[in-house]
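Please keep the sequence and the structure in view while reading.

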Amino acid sequence: EPERTDRPISPATFNREWSLLRAVLNWGEQTDRIDRNPIKRRAVRMLPTTPRQVFFEPEEWRAFLTAAEEDDDLAATVPFWRALLLTGSRISEVSSLRWRDVELDQLRKYVRLFMGKTRKPKALPIRPALEWILRAQAKAEERTPEALVFGGSTAYFSTCFKRILRRAPGPYA
């Protein structure tokens, strides 16, 4: 059972929950499940928030990758983390990368990643460091068009990420 506190919810939590409620009511109206959304548009304003600014510094990335390399089970994920860093993408975007979306053999080398939030593709040029990782993966993994480049799901890599964080020194351990 969730722990209850007397603290008010954060503005970001309020905004997320309000957006969800508004989306459900709007969907109900659009699909004729309700006559109309009972809450007037702009009746509730979003609360001001400050964006989260959590990111790894270069030395933290080195410590993270070293912690992964030192664990027999996690060492195989290091190419994934390097690709994640080189593309500036989300775990879900890189974990769902398939060989059909990698172009290594043309003059213009690129990867096509699908953004989870917008469900739109983004094409990124393949720089030499990323090309080296992808070519090594091509040798190590099955390279059929539908095969995952890094061979794991978003849930798998998210779990690995948490495990590596616990092993790595620094503020995130």
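Ser95 is found in helix α4 of what is a predicted model.

- Is Ser95 buried or exposed? With a relative accessible area of 2%, Ser95 counts as buried, because the cut-off for that class is under 20% relative accessible area.
- Within the protein, the side chain of Ser95 has a polar atom that lies 3.3 Å from the backbone oxygen of Ser92, and the side chains of Ser95 and Thr154 are joined by a polar contact of 2.8 Å.
- Which residues does Ser95 touch, once those up to four places away in sequence are left out? They are Phe80, Leu148, Gly152, Ser153, Thr154 and Phe157, and of these Phe80 is also one of the buried residues of helix α3.

**Helix α3 and what covers it**

- Helix α3 spans residues 78-87, and its buried residues are Val78, Phe80, Trp81, Ala83, Leu84 and Thr87.
- An α-helix has 3.6 residues a turn, so residues three or four places apart point the same way.
- The cover over the buried residues of α3 includes the helices α2 (58-69), α4 (91-95), α5 (128-140) and α6 (154-167), together with the strands β2 (110-114) and β3 (121-125).
- After α3 comes Gly88, whose phi is positive, near 65 degrees.

**Overall form of the protein chain**

- The protein chain contains 6 helices and 3 strands, and along the sequence these elements follow the pattern α-α-α-α-β-β-β-α-α.
- The protein chain is more spread out than a compact globule, because its radius of gyration is 21 Å, well over the 16 Å that the globule rule gives for 173 residues.
- Taken along the principal axes, the box filled by the C-alpha atoms of the protein chain is roughly 60 × 40 × 30 Å.
- Of contacts between residues at least 6 apart in sequence, 56% join residues that are at least 24 apart.

**Burial, surface and charge**

- Buried residues account for 30% of the 173 residues in the protein chain.
- The accessible surface of the protein chain is about 12800 Å², and 52% of this surface belongs to carbon and sulfur atoms.
- The protein chain carries 31 positive and 23 negative side chains, with the centres of the two sets 8 Å apart.

Notes:
Residues are numbered from 1 along each chain as its sequence is written. This is a predicted model: local features need pLDDT of at least 70, side-chain atom pairs count only at pLDDT 80 or more; totals for chains, interfaces and linings use all residues. Side-chain values use heavy atoms; hydrogens and water are left out. Buried means under 20% relative accessible area, exposed over 50%, partly exposed in between (1.4 Å probe, protein chains only). Helices (H or I, at least four residues) and strands (E, at least two) are DSSP runs, numbered from the N terminus. Contact means heavy atoms within 4.5 Å. The radius of gyration is taken over C-alpha atoms; the globule rule is 2.2 Å times the number of residues to the power 0.38. Accessible areas come from the Shrake-Rupley method with a 1.4 Å probe; for residues, only the protein chains shown count as cover. Lys and Arg count as positive and Asp and Glu as negative; His and the chain ends are not counted. The place of a charge is taken as NZ of Lys, CZ of Arg, CG of Asp or CD of Glu. A polar contact is a pair of N or O atoms within 3.5 Å; within protein, one must be able to donate a hydrogen and the other to accept it, and residues adjacent in sequence count only if both atoms are side-chain atoms.
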